[in-house]
Amino acid sequence: MFPAWTNVEAPNMWSGMVSLARNKLPYVGEIPASKGIWTAMCYHGNGVAMGSYAGKLVADMVLGRATGECPEVMCKPLTKFPLGRARRILMPPVYAQLMLQDCF
């Protein structure tokens, strides 16, 4: 993707599945099945800006500072994707295909 960087060393690398929500929106709030456990996740590739914003929102929630700032769509509980755990088998080929599409 960046030929000029071919010989640049990278001391750290990240690899893994992306945290996505079925409704394509970040989620901020308490995990419904785990009372007392809070999260902010599913940034869809906008992690730097959205992660900072969502972190502030979830911190306010945990501390009981109801600011009313969290958009309602970001506070709705997540819904499950179809196929359950079978998606883990299907996603690597999908990611490979998308990577090939990026190359051409």
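Buried means under 20% relative accessible area, exposed means over 50%, and partly exposed lies in between, with a 1.4 Å probe and protein chains only. This is a predicted model, in which local features need pLDDT of at least 70 and side-chain atom pairs count only at pLDDT 80 or more, while totals for chains, interfaces and linings use all residues. Residues are numbered from 1 along each chain as its sequence is written, and side-chain values use heavy atoms, with hydrogens and water left out.

**Stop 1: Cys42.** Select Cys42, in the loop between β2 and α1; helices (H or I, at least four residues) and strands (E, at least two) are DSSP runs numbered from the N terminus. Cys42 counts as buried because its relative accessible area is 4%. Its phi is positive, about 70°, although Cys42 is not a glycine. Most residues other than glycine have a negative phi.

**Stop 2: Leu83.** Is Leu83 buried or exposed? Its relative accessibility is 58%, so Leu83 counts as exposed.

Stop 3: Select Glu30 in strand β1. With 24% relative accessibility, Glu30 is partly exposed. Contact means heavy atoms within 4.5 Å; leaving out residues up to four places away in sequence, Glu30 touches Lys35, Gly36, Ile37 and Trp38. A C-alpha to C-alpha distance drawn from Glu30 to Val94 reads 31 Å, for a sequence separation of 64 residues.

Then move to Thr39 in strand β2, residues 38-41. Thr39 is buried, as its relative accessible area is 15%. Beyond neighbours within four places in sequence, Thr39 contacts Tyr27, Val28, Gly29, Ile31 and Val58.

**Stop 4: helix α1.** Select residues 47-62, which form α1; within this helix Gly51, Ala54, Leu57, Val58 and Asp60 are buried. From Ser52 to Phe2 the C-alpha distance is 28 Å, across 50 residues of sequence. After α1 comes Gly64, with a positive phi near 75°.

**Stop 5: the largest pocket.** On a 1 Å grid over the protein atoms alone, a pocket is an open set of points where a 1.4 Å probe fits, with protein on both sides within 12 Å along at least five of seven lines; lining residues have an atom within 4 Å of a point. The largest pocket is lined by 18 residues, and Leu20, Thr79, Lys80, Phe81 and Arg87 lie nearest its centre. Its volume is about 540 Å³, taken as the space filled by probe spheres set on the points, which are joined across faces, edges and corners. Helix α2, residues 87-103, gives the most to this lining, with four residues.

**Stop 6: Met1.** Finish with Met1, in the segment before β1 (27-30). Met1 is exposed because its relative accessibility is 87%. The C-alpha atoms of Met1 and Cys103 are 7.3 Å apart, although 102 residues separate them along the chain.
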